Structure formats: C-alpha cells, structure tokens
Amino acid sequence: MISRETELIAKIDLHSGRRDFSENKNYVEFSFYACFYELLNVENSYWETNLNGNEIFEILTSLNVDVSRDFLIKRYNDQINNDVEVFHADCDEQVFAFFDLEKEETDQNDMFFFGLRCLKKEEPIVN
C-alpha cells in the first residue's frame, strides 16, 4: 500500500524527491486580495471599475499561463465551490498562478486571493 501511495505522490507532486531548492532563487512571487467582479470586470455585476477585465489575463498570457476567464467566472459563481484553481505555465512548472475562490460568509466585497510566481526576469512585466 505504501508503494502505491509513494507512486501517486511522485506523479502529482512536482517537488517529490527534491532535496535541492536552490533554483528557487530565480523566481519571485506576488499575491493580493481583490474584488473578483471588479478585477475581471464581469458583465452585469454591480461593481464599478476602470479595469477592462483583461489586465490579469494579458500578464498570464505573457508568462505562458493559460487561464480561461469564463471558467473562473463559472467556478466563482458556483456558491458551493471553494476551490483553489492553479494554472501552470506551458514551459515551466515553477511559473504558475492560483485563484483561491473561497467565499467567506461575511464577505460583502466579493474578495478572492490571487497569487502568481514567475521568473525574476519577468518581474517588470508583472509590476
């Protein structure tokens, strides 16, 4: 049984068996809370915004991280869903974005937590 669990962990854990994490110094991470409907400028929402809703996706596209805007909106609007959706870059599994879609009962601002990891050389693009 332990052997099967070890095999499963090796398949799904990108860092399984790693002992040297020195390459992490080449990456930077960003994270922030934002209003979901404001950041994505979702149609028919009551939030006013100066954003066009594509800013975050333009950054992700430049990092080769493929994220479906429609998928995120569908998942966020599912009141039962509280998942964290993680999207990796096509060419580097260390480059990724995550959307924590947990909904707090007392949240009146439709907040979600967003995180992004990219190479240091891409930091100016993200900033």
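Contact here means heavy atoms within 4.5 Å. This is a predicted model, where local features need pLDDT of at least 70, side-chain atom pairs count only at pLDDT 80 or more, and totals for chains, interfaces and linings use all residues. Residues are numbered from 1 along each chain as its sequence is written, and side-chain values use heavy atoms, with hydrogens and water left out.

**View 1. I56 and the residues it touches.**
Not counting residues up to four places away in sequence, I56 touches F32 and F114. You'll find I56 in helix α3, which covers residues 55-62. (Helices are DSSP runs of H or I with at least four residues, strands are runs of E with at least two, and both are numbered from the N terminus.) Is I56 buried or exposed? With a relative accessible area of 9%, I56 is buried. (Buried means under 20% relative accessible area, exposed means over 50%, and partly exposed is in between, using a 1.4 Å probe and protein chains only.) V67 sits 11 residues from I56 along the chain, and the C-alpha atoms of the two are separated by 9.9 Å.

**View 2. The whole chain, for orientation.**
Step back for a moment and the chain shows five helices and four strands. Reading along the sequence, they come in the pattern α-β-α-α-α-β-β-β-α. The C-alpha atoms fill a box of roughly 50 × 40 × 25 Å, taken along the principal axes. The chain has 127 residues, and 34% of them count as buried. Take the contacts with a separation of 6 or more: 55% of them are between residues 24 or more positions apart.

**View 3. N81 in its loop.**
Here we look at the loop between α4 (69-77) and β2 (84-88), which is where N81 lies. N81 counts as buried, at 5% relative accessibility. Which residues does N81 contact, once its neighbours within four places in sequence are left aside? They are R75, L101 and K103.

How many disulfides does the structure hold? The count is zero. (A disulfide is a pair of cysteine sulfur atoms within 2.5 Å.) C91 is in no disulfide, and its nearest cysteine sulfur, that of C118, is 12 Å away. C118 is likewise in no disulfide, with the sulfur of C91 as its nearest, 12 Å away.

**View 4. N44, a loop residue with positive phi.**
N44 lies in the loop between α2 (36-39) and α3. Its phi is near 65°, a positive value in a residue other than glycine. N44 counts as exposed, at 79% relative accessibility.

**View 5. D110, also with positive phi.**
Where is D110 found? Look in the loop between β3 (96-100) and β4 (111-119). Although D110 is not a glycine, it has a positive phi of about 55°. At 15% relative accessibility, D110 counts as buried.
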